[in-house]
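Here is a short report on a protein model. Have the sequence and the 3D view open as you read.

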Amino acid sequence: LSSGVTAIAAGSSQTCALIDTGGVKCWGNNKAGQLGDGTGTERLTPVDVSGLTGAIGGIVAGAGHTCSLIGTGIKFKCWGSNHFGQLGDGTTTNRLTPVDVLGLSGAVIAFAAGNNHTCALTGTGITKCWGSNDVGQLGDGTTTDRAAPVDVLGSSGVYTAIVAGAGHTCALSAAGEVKCWGNNQAGQLGDGTTTDSTKPVVVIGLSSEVTAIAAGGDHTCALVGKGKVMCWGRNQTGQLGDGS
């Protein structure tokens, strides 16, 4: 890939790039089909993802699955590992090539992939998630895995950006407020507790309006005000950057 890359995504063991001429190329581990080339063969150099036509609006990668937005967001496709339903096609069957995510009404405007779950913000103002839900990372008030998208509780018309960690999800509202849900063992939900939550909770202690968010495996960070960064969650290797 010497030129022409407009976006890139890295999963646990695969990497994918969006090419300006259209299409997606992936490389790395392919045991579950996460490279999307129709095989389960590991690739040391980039290969084309099969069956993606038209303009590509972005890509995200999870532990063993990958997803891409097609065109103006009317189609959202995923491929690879599907043991928990993280591809959103209504099954738990791994897919070697892209399949359509079911049940998304309106264009997708933002999306994120965790280890084994996926979420999307739709143009109709609803946030939906699917896949693994053992610690509430889908935000639907349950811990039931979902093979097709379900609504995040209380999300109607609220969020403008979404990110996903290993087992938690966070979203940013137009007003600069952050809410998180799912695994909270290390405090990555930022609500002052270490209690998992199956529905969104407000991150506390952010000093001013948040303009961007990011999630690692078990920690979360926010860009606050005029260039300040604040982080919370697991810090055993110093990932919060507070000197501890």
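Predicted model: local features only at pLDDT ≥ 70, side-chain atom pairs only at ≥ 80, totals over all residues.

How many bridges join β1 to strand β2? There are five, and the two strands run antiparallel. Strand β2 covers residues 14–19.

β1 and β2 belong to an open sheet of four strands. The order is β1-β2-β3-β4, and the pairing is antiparallel. Which strands stand at the edges? They are β1 and β4, the latter spanning residues 43–48. Each has a single partner strand, so one side of each is left without a neighbour in the sheet. From one strand to the next, the twist averages 20 degrees. Strands of a sheet pair through backbone hydrogen bonds, either parallel or antiparallel.

L1 lies in the segment before β1, which spans residues 5–10. Is L1 buried or exposed? Its relative accessible area is 52%, and exposed means over 50%, so L1 counts as exposed. Together with V5 and I8, L1 makes a nonpolar surface patch of about 280 Å².

**Salt bridges**

Side chains of opposite charge can pair when their charged atoms come close. How many salt bridges does the structure hold? It holds seven.

| D37, 14%, buried | R43, 26%, partly exposed | 2.9 Å |

**Aromatic rings**

The structure holds three aromatic pairs. Which residues do ring pairs link into a cluster? They are F76, F111 and W130.

Now move along to strand β18, residues 219–224. This strand is mostly covered, with five of its six residues buried. On one hand, β18 pairs with β17 in the antiparallel sense over five bridges. V210 has V224 in β18 as its bridge partner. The two strands form a hairpin with three residues between them.

On the other hand, β18 is joined to strand β19, residues 228–233, by six bridges. These strands also run antiparallel. Here T220 stands opposite W232 in β19. β18 and β19 form a hairpin too, with three residues between them. In the turn, G225 has a positive phi of about 55 degrees. In a regular strand the side chains alternate between the two faces of the sheet.

**A loop residue**

Where is I204? I204 sits in the loop between β16 (197–202) and β17 (210–215). With 53% relative accessibility, I204 counts as exposed. I204 and L87 are 117 residues apart along the chain. Their C-alpha atoms are separated by 32 Å.

Methods. Residues numbered from 1 in each chain as written. Heavy atoms only, no water. Phe/Tyr/Trp six-rings, centres within 6.5 Å; stacked < 30°, edge-to-face > 60°. Patch = residues over 30% accessible without salt bridge, like charges linked within 9 Å, V, L, I, M, F, W, Y side chains within 5 Å. Areas by Shrake-Rupley, 256 points an atom, 1.4 Å probe, with all protein chains shown as cover. Salt bridge = Lys/Arg side-chain N within 4 Å of Asp/Glu carboxyl O. Buried < 20%, exposed > 50% of the residue type's maximum accessible area, 1.4 Å probe, protein only. Pairing = 2+ DSSP bridges. Axes fitted to C-alpha atoms, helices over the stretch in contact; angles between N-to-C directions.
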